[in-house]
Amino acid sequence: MTLYRDLIAKALTTSWRHKFLWILAFFVALGGLGGEYGVLFRSSDFVNNQATTLNFLRADYVDGSLFVALQNIPERLQANPEIWPALLVGLLVFLGILWVILVAQGGLLWSIDKLQRGSTPQKFSLGQAKTIGIKAFPGIFMVSVLLKILMYLLLILATVPLGIAFIRTGDYSYFTWYTISAFVVMVPISIIVSFLVKYAAIAIVLRGKKWNEALRYGWRLFISNWLVSMEVAFLLFAINLVTTLVLIYALNLLGLSSNPAGALIFATVLTLWGTYIATFQYTTWVLLYQHLEEGTVKSKVSRMVELWHAPVPPAPSGAQKPIVK
């Protein structure tokens, strides 16, 4: 049975020894770090921002400016035709960045797996990793986009009727239920989606599965091991948070942010650290995925419960009974 400390220790060692992985991890980190518990905080911020937007729309509805703004949309688009090229350029830039992130992610997963199987960095190259990432891109893209669409569709179905009711009536009971519904839908589903994307991406890259097969496989793997997944995600988030805060505190003690040259060093160190953390996190998930498939890892909570409820072994037959006076 594999313990978390073994996974973490091996991931830390692998990430530090093979720094060529940092090149791929640098681009992967453009998509953000923080893991599933980082997703939780971002989702909470999203819900809070939606509540602010709802109050803003309610105010516009009361003074009539909302209707005017909606009616003027076609006229504004016709009066400003240059907005379409700008939107197209923005979309292309977004898709280009997404392509880089997902290709790097596929190449990073493949490289980590090669190292775990005993290959040395000399036996494969970043060019091969890029080729694998490009090949895996359509599958990872499909999984990511479909799950995001599903998540926001559920959010719309759960919240839009309540939001419209609040905007029209101003009844804050609708506003309260809107916020609760948005939180209940957005937070858990966004965390589950994060796990599914991760497991499906590993299945696509390492097992050669198609996106629909990888999605079903990732779902079964998560459902069977959801507690392990949550515990590992919490460990990674805690390690990321604590070490980053300690590093920032240490750099501030050195006074690096007090001048331009120091600020450049400060940013460089944080970038390198973020790249290492990204490498470490993905290495941990690849190792965990392999152990989950083998069934050789068990939740810490499950082990504690089993230990708590374990029967007390009987005393040896030859043991002397205590004398009761």
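The expected span of a helix is 1.5 Å times one less than its number of residues. Helices here are DSSP runs of H or I with at least four residues, numbered from the N terminus. The model is predicted, so local features need pLDDT of at least 70 and side-chain atom pairs count only at pLDDT 80 or more, while totals for chains, interfaces and linings use all residues. Residues are numbered from 1 along each chain as its sequence is written, and side-chain values use heavy atoms, with hydrogens and water left out.

Helix 10 (residues 226-253) has 28 residues and should therefore span 40 Å at 1.5 Å a residue. Its end C-alpha atoms are 41 Å apart, in agreement with that value. Buried residues (under 20% relative accessible area, with a 1.4 Å probe and protein chains only) in helix 10 include V228, V232, L236, N240 and L251. After helix 10 comes G255, with a positive phi near 70 degrees.

Helix 9 (residues 211-224) was treated in the same way: its 14 residues should span 20 Å, and the end C-alpha atoms are 20 Å apart, which agrees. A214, L215, Y217, G218, L221 and F222 are buried in helix 9. These buried residues are covered by elements including helix 7, helix 8 (172-207), helix 10 and helix 11.

T284 lies in helix 11 (residues 260-294) and counts as buried because its relative accessible area is 1%. Its side chain reaches the backbone oxygen of F280 at 2.8 Å. Beyond the neighbours within four places in sequence, T284 is in contact (heavy atoms within 4.5 Å) with I8, A11, V232 and L236. With residues up to four places away in sequence not counted, A11 touches F280, T283, T284 and L287. A11 and T283 are 272 residues apart in sequence, yet their C-alpha atoms are 5.4 Å apart in space.

Two packed helices are described by the angle and the distance between their axes. The axes are lines fitted to C-alpha atoms over the stretch in contact, and angles run from 0 to 180 degrees between N-to-C directions. For helix 6 (residues 83-116) and helix 7 (residues 126-169), the axes come within 7 Å and cross at roughly 115 degrees. Residues of helix 6 in this contact include L98, W99, L102 and W110, and those of helix 7 include I132, I134, F137 and F141.

Notes:
Helix = DSSP H or I, 4+ residues; strand = E, 2+ residues; numbered from the N terminus. Buried < 20%, exposed > 50% of the residue type's maximum accessible area, 1.4 Å probe, protein only. Polar contact = N/O pair within 3.5 Å; in protein donor to acceptor, adjacent residues only side chain to side chain.
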